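Take a look at the sequence and the model first. The paragraphs below then go from the whole chain to particular strands.

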Amino acid sequence: MKLLHTSDWHVGKVLKGQSRMAEHVAVLKQVVDIARGERPDLVIVAGDLFDTAAPTPDAKRVVTRALSALRRTGAEVVAIAGNHDNGAELDALRSWAEAAGVTLRGSVRDRAEDHLITGRTAGGEDWRLVALPFLSQRYAVRATEMFALSAAEATQTYADHVGRLLARLTEGFDGGVVNLVTAHLTVVGGMLGGGERDAHTIQAYAVPATVFPTSAHYVALGHLHRRQSVLGPCPVHYSGAPLAIDFGEEENTPSVTVVEVTAATAAKTRDVPVTSATPLRTVRGTVAELSTMDTGDAWLRVYVTEQPRAGLREAVQEVLPRALEVRIDPALLAETEAPQRAQRSGRAARDLFADYLSSRGHADPDVVALFDRLYGEVAH
Ligand SMILES: [Mn+2]
């Protein structure tokens, strides 16, 4: 059978004030086009369909249309909730989704059978898919345990919990059927894409790849935005996000993963690039250097290698109108040594403010003069 594995759409993402909605429409259209060309039997969306737990009506329309369009290619469609999704809300839509031929699993239920989805391809191959949506560590590691355990023990408990769940859910995996797993989690050794929220938590609650059984023919993961396979007892893959979600992910090649697998042969994977999103780029330089750069239509994060001064952001945005984030180069700020804290008592506000500015590498007489004028207006 053939699978199309995708994840981490993050529809509704607003990047530094810039909506990505038009890009998402184009990206998901391309994913649907790929599905039309590839004709997979099953499409798996491994979580983080939305960027937030309270998506806008626009975001909901884009996601539901994409799921329906994928279904219309003739594929079964299964989607699970990620940590960014509102699992309970996805579950609330289950009966509607089912009527449209789309299977949703929003949150972990106490009935194991609820997480086992079975099907048969047009060619007569049987498959079963264990669908485990994101399991919150707050839910998995009860508060009482958190107080009594060290961080390492709490992580172990989360990994144990996920391991026990997967062992229970996959205990019926046996021969003659294509055994599949989808989950939204971090596997130990996985490489972050760069833009995932709260990277610390993502790494702290990593589970070992040994939670997946040798009897699985393919494990379709979401959560890490970088396309990668993970060493494990069976084929374990992250499809990665189909577009760079945030700065730091510009080195990833966004794609979907097409998988050919049978009950008797090892899964063969192939990456199909998704190219419709606007690229993200990080550039560095002085305003003069930046003004000579050709950055095309990319959204930019700009690290300016100049001392901070009033109007610097505007100067950058004038030469690079697609700069969404403008910051002083962190390397430059680190070089600026913080002077000794000056004696405060008995000194004028203007002098204290000037000291503060120079301590931040921002000695700009225009700003001091403006402060002086505004302070004069409110102090009398
Ligand atoms: Mn995620």
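This is a predicted model: local features need pLDDT of at least 70, side-chain atom pairs count only at pLDDT 80 or more; totals for chains, interfaces and linings use all residues.

Residues are numbered from 1 along each chain as its sequence is written.

The protein has 13 helices and 17 strands; these are DSSP runs, with helices being H or I of at least four residues and strands E of at least two, numbered from the N terminus. Its C-alpha trace spans about 80 × 50 × 35 Å along the principal axes. Of its 380 residues, 37% count as buried, meaning that 20 or more other C-beta atoms, placed from the backbone, lie within 10 Å of the residue's own. Contacts are pairs of residues whose C-beta atoms, placed from the backbone, lie within 7 Å. Among contacts between residues at least 6 apart in sequence, 65% join residues at least 24 apart.

Strand β1 (residues 2-6) has 4 of its 5 residues buried. Two strands pair if DSSP finds at least two bridges between them. β1 pairs with β13 (residues 255-260) in the antiparallel sense over 4 bridges, and leucine 4 stands opposite valine 258 there. With β4 (residues 42-45), β1 pairs in the parallel sense, also over 4 bridges; here threonine 6 stands opposite valine 45.

Elsewhere, 6 strands form an open sheet of mixed pairing, in the order β7-β8-β9-β10-β12-β11. Its edge strands, β7 (116-120) and β11 (228-230), each pair on one side only. β11 pairs with β12 (residues 236-238) in the antiparallel sense over 3 bridges, and serine 229 has histidine 237 in β12 as its bridge partner.

Methods: A residue is buried if 20 or more other C-beta atoms lie within 10 Å of its own, exposed if 12 or fewer, and partly exposed in between; C-beta atoms are placed from the backbone. Two residues are in contact if their C-beta atoms, placed from the backbone, lie within 7 Å.
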